[in-house]
Amino acid sequence: MPSHNTAQPSRLASSDSMAVDDAPPSALSVKPAVAEALAALSHAQALAPDFAARAVAPGGAFVDFALSQRRGKWVVLHFYGSDFAPDALSDLLSFADRSAEFKGLNAEIWAVSVDSVFTHRAWMGRPRSAGGLEDANIHLISDITKEIVLDYSLLITDGPGAGTARRCTMVIDPSGIVQHAVVDNMSKSGSAEAILKLLSGGT
């Protein structure tokens, strides 16, 4: 079962967007869509809520993940609705196929959904030609209890997708601070290409 720490107080403003104060060059701006989704727990510019959970590594091995143990690295945390969904497949493959570039920037990619580790492994074992993640260099975290998505205020509670996570790409710096988040943003600001550009100090 995931374990959690309380996030530090945030300086998140009420405006639609804001810059990250005193942030390193590769830190990003909070996009308009994130304010509403994360305001309840005020994650922006705050310590990301810690959690520990089981995950599936490339190749299908089960591994343990703890966010607090990733300190010293940038962590790209990508939340998605469910395994086998076409939109999730496209997002995850875009990150996985550029994993070497992320590694070169001292960044790791971890994806989170409410599916079990067994469903994750089944998806990772399916050929890409059949809508799977075979040979994809990405780790999938299982949040079957939904505690992680609740802590991050990303659980969809009604309508289509109820009970799953909102699509969100979050960048956590080496000190564990949330520096960037895009929630349900139909632009490409949460894409692998955009995150790589921003991590490398691009504009």
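**Note on the predicted model**

1. Asp64 has a relative accessibility of 61% and therefore counts as exposed. The classes are buried for under 20% relative accessible area, exposed for over 50% and partly exposed in between, with a 1.4 Å probe and protein chains only. The model is predicted: local features need pLDDT of at least 70, side-chain atom pairs count only at pLDDT 80 or more, and totals for chains, interfaces and linings use all residues. Residues are numbered from 1 along each chain as its sequence is written, and side-chain values use heavy atoms, with hydrogens and water left out.

2. Asp64 is a salt-bridge partner of Arg54, with 2.8 Å between the closest N and O atoms. The pair links distant parts of the chain, Arg54 in strand β1 and Asp64 in strand β2, 10 residues apart. Helices (H or I, at least four residues) and strands (E, at least two) are DSSP runs numbered from the N terminus. Arg54 is partly exposed, at 40% relative accessibility.

3. The structure holds 5 salt bridges in total, a salt bridge being a side-chain nitrogen of Lys or Arg within 4 Å of a carboxyl oxygen of Asp or Glu. Another is formed by Arg167 and Asp91, at 2.7 Å from N to O. These two are 76 residues apart, with Arg167 in the loop between α5 (147-151) and β6 and Asp91 in helix α2. Asp91 is buried at 14% relative accessible area, whereas Arg167 is partly exposed at 31%. Glu101 and Arg98 also form a salt bridge, with their closest N and O atoms 2.9 Å apart. Glu101 is partly exposed at 39%, as is Arg98 at 28%.

4. The largest nonpolar core has 27 residues, and Phe102, Leu133, Ile138 and Leu140 have the most contacts inside it. Such a core is a set of buried Ala, Val, Leu, Ile, Met, Phe, Trp, Tyr and Cys residues joined through side-chain atoms within 4.5 Å. At least two of its residues come from each of β3 (74-79), α2 (86-96), β4 (107-113), α4 (117-124) and α6 (192-199). Helix α2 gives the largest share, 6 residues. A second, separate core has 25 residues, including Leu77, Val114, Tyr152 and Val178.

5. Not counting residues up to four places away in sequence, Phe102 touches Val76, Phe95, Ala107, Ile109, Ala192, Ile195, Leu196 and Leu199. Contact here means heavy atoms within 4.5 Å.

6. Helix α4 has Val117, His120, Trp123 and Met124 as its buried residues. They lie on the same side of α4, because they cover an arc of only 120° around the axis; the arc is that of the directions from the helix axis to the C-beta atoms. Their cover includes β1 (52-56), β2, α2, β4 and β5 (139-142). His120 itself has 0% relative accessibility and so counts as buried. Leaving aside neighbours within four places in sequence, His120 is in contact with Val56, Tyr80, Asp83, Ser113, Asp115, Leu140, Ile141 and Ser142.

7. There are 8 aromatic pairs. Rings of Phe, Tyr and Trp (its six-membered ring) pair if their centres lie within 6.5 Å; planes under 30 degrees apart count as stacked, over 60 as edge-to-face and the rest as tilted. Phe62 and Phe118 are edge-to-face, at 5.5 Å centre to centre and 90° between the planes. Phe62 is in strand β2 (residues 62-66) and Phe118 in helix α4, so the pair ties together parts 56 residues apart in sequence. Phe118 is exposed at 57%, while Phe62 is partly exposed at 28%. The Tyr80 and Trp123 rings have centres 6.0 Å apart and planes at 50°, so that pair is tilted. Tyr80 is in the loop between β3 and α2 and Trp123 in helix α4, 43 residues apart; both are buried. Ring pairs also join Phe51, Phe65, Phe79, Trp110 and Tyr152 into a cluster.

8. Strand β6 (residues 168-172) is largely enclosed by the rest of the structure, because 5 of its 5 residues are buried. Cys168, Met170 and Ile172 are on one side, and Thr169 and Val171 on the other. Strand β6 runs antiparallel to β3, with 5 bridges, and antiparallel to β7 (residues 178-183), also with 5 bridges. Two strands count as paired if DSSP finds at least two bridges between them. Leu77 is opposite Met170, and Thr169 is opposite Val182. The β6 and β7 hairpin has 5 residues between the strands, and in it Gly176 takes a positive phi near 90°.
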